[in-house]
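Hi everyone, thanks for making time for this. I'd like to walk you through one structure, so let me put it on the screen and we can look at it together.

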Amino acid sequence: MSQEKKRRSNGLQNELVRTSTSKLSSVASSIYPDDPPIIQLSKSIIAAKRHKLSFAIAGGGSKAISSLVSTPGASAVLLNGSVLYDRNSFCQYISHHVSNPNYVENFQARDGQFGFASSGAAVLLSQAALHHAFEFQSVIADMTNKAVAIGCTSTLVSHGREDRNSRAHISLAAGDGKGIIWDILMSNQDSKDSDERRNREEEEELLAQLILTLVHQYSCTDDDGIDPDTILNRNGDQLNISTFENTHKSVQDAAQTVIDDNDKTDAIIVAPEQASTACNMIPLAHTVIPSDPIIFPGSFNPPHIGHISLARAAVKTMARKKKEELEQYFQYTDGKAPNAIEAMWNTTEYQIFKSLTDDNLEEGPISVLFEMSLTNADKPPMEATEASKRVELFGQLTQDEQIASSIPKDWGVLLTSAPLFIDKVRVMSKYLSPSGVAFLPDKRQITFAIGTDTMVRIINPKYYGNSNENMLQAVREMGSEGVHFVVGGRVEQIKGSDSEIVETKFVTGEDELEGLPKDVSDMFTIIREEDFRVDISSTELRAKMKAKSVNNIA
């Protein structure tokens, strides 16, 4: 193989590329000495269990998928494998999963035509496979830290064209949008041990090994693996290596995109990087919202213990509700499900929720997204720097020992350009991960976590032209879109004539729901007072933070 490997000398390259000096993994070969290299790599990747893999392969290299599938334990690492042999299937797959063409600035067009066998095409495949992987993940943390996608496109030896060099392009993309590209030339020349060039079967085997070698280098903790030098051993073989990054390099960059380009990019998820001790917040490569999420809208200026506690109580409340719904479903259907798709999804979810008890409902597999609209219906948009500051404050909360234990198990921040509830519903619906409720009318798809004051405004005819009928119609329209509300109460202080506090009571919002039609009141789930009561407001907290800052300066 040519020794002129093109490698960018930056931190990302050092992070993503680890080259071995041994022919085969010392770990894999010692544990699996009788297996061929492709099986050794598969077993080593599965044993590591570090990532969840999604493949999109156009042309050669599909043996990488079949090798993993045929190895016991593959379900621990393999999410999906798509083989896109027809160009139309290629185009359909890319168009369904990649909405932002800016992932590939130079897609290597020739005479204005798209190059289906190019590094740009491989990057598109890896990004599409990553989006596909996000759809399979039930929690945000797995999108951030587990999802890894591999795209590969190639032109291998074929009848009548045996004299040409073969080319392959492999792209690996992680959840944060960073990735690596291997551009491979497989020479038509002979080797030291053979007078014949590789045939199609040999090139297929070689390409599958290279795909799994790249995955092994990224997913396995040991530095050993197959050195590409040992298998790209023909005169003229070449391997060029390069890297790429997320189009949104920082939270501020992501926020600016939502503000400036909200017609095309109206929502970006920012999630905690769990591998980071400082809990850095990173924009995800794709916006995919896990099914049946809790969306907590707010300005979060600043985020505080009240927000965190309400979010955790909302998870507990909705996990309890979801478990009860599933138990009732299987009790009443008695094994005779009227809808096969509903039964399929409910069976899958029930395996998770049935193990929950009253003591661990907060650990339920429900994702929380703290949603910040960066645009406003009647005010200028928020500055990107201010949005970044508030997002970073969420990350800092995880460093506070008193607050860290209350943070929901799975969470992130959703930056949007959706100031009104109707806008939020429209935006969220576009990005929801597929689920069973999408096939059923009037089923809960999105739950908004709100306070009683917001609930009162939602059901107050005053905001609907003083028309109770208009209010009911508007709320029912949200219900038809799958909207639900989980409501946290607040402390109300009643003052006497001398402005002294004479009474303190907790307002849950239940009184305000009385008198509403059942279908409307059922759209609201009230959080129990014993699950949530925090006597703090953002206004009070800002005053305390300001006072603390002044004292520190003094």
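Let's begin with helix 10, where the buried residues are Val251, Ala254, Ala255, Thr257, Val258 and Ile259. Before I go on, please keep in mind that this is a predicted model.

So what covers those buried residues of helix 10? The cover includes strand 7, strand 8, strand 11 and helix 13. Let me take helix 13 as the next stop.

As for handedness, the crossing of helix 10 past helix 13 is right-handed.

Which residues meet at this crossing? From helix 10 we have Val251, Gln252, Ala255, Gln256 and Ile259, and from helix 13 they meet Ala384, Thr385, Ala387, Ser388, Val391 and Glu392. If you look back at the buried residues of helix 10, Val251, Ala255 and Ile259 are among them.

Eight strands form an open sheet with mixed pairing, and the order is 8-7-11-10-9-12-13-16. At the edges stand strand 8, residues 281-283, and strand 16, residues 524-526; each has a single partner strand, so one side of each is left without a neighbour in the sheet. Ignoring direction, neighbouring strands of this sheet are turned by 30° against each other on average.

Helix 13, residues 384-397, packs on this sheet and touches strand 7 (267-272), strand 8, strand 10 (368-373) and strand 11 (411-416). The direction of helix 13 makes about 170° with that of strand 11.

Elsewhere in the sheet, strand 9 (residues 294-297) and strand 12 (residues 446-451) run parallel and are joined by two bridges. In that pair, isoleucine 295 stands opposite phenylalanine 448 in strand 12.

Serine 417 lies in the loop between strand 11 and helix 15 (421-431). Is serine 417 buried or exposed? Serine 417 has a relative accessible area of 11%, so it counts as buried, the cut-off being under 20%. Leaving aside neighbours within four places in sequence, serine 417 is in contact with Val258, Asn262, Asp266, Ser373 and Thr375. The C-alpha atoms of serine 417 and proline 381 are separated by 8.9 Å, and these two residues are 36 apart along the chain.

Let me finish with strand 1, residues 52-58. Strand 1 is mostly covered, with six of its seven residues buried. Strand 1 runs parallel to strand 3 (residues 147-155), and seven bridges join them. Strand 1 also runs parallel to strand 2 (residues 78-83), with five bridges between them. Isoleucine 57 stands opposite cysteine 152 in strand 3, and opposite valine 83 in strand 2.

Cysteine 152 is buried, at a relative accessible area of 0%, whereas cysteine 91 counts as partly exposed at 36%.

Methods: Residues are numbered from 1 along each chain as its sequence is written. This is a predicted model: local features need pLDDT of at least 70, side-chain atom pairs count only at pLDDT 80 or more; totals for chains, interfaces and linings use all residues. Side-chain values use heavy atoms; hydrogens and water are left out. Buried means under 20% relative accessible area, exposed over 50%, partly exposed in between (1.4 Å probe, protein chains only). Two strands pair if DSSP finds at least two bridges between them. Helices (H or I, at least four residues) and strands (E, at least two) are DSSP runs, numbered from the N terminus. Axes are lines fitted to C-alpha atoms, for helices over the stretch in contact, and angles run from 0 to 180 degrees between N-to-C directions. Contact means heavy atoms within 4.5 Å. A crossing is left-handed if the near helix is turned anticlockwise from the far one by less than a right angle, and right-handed if clockwise.
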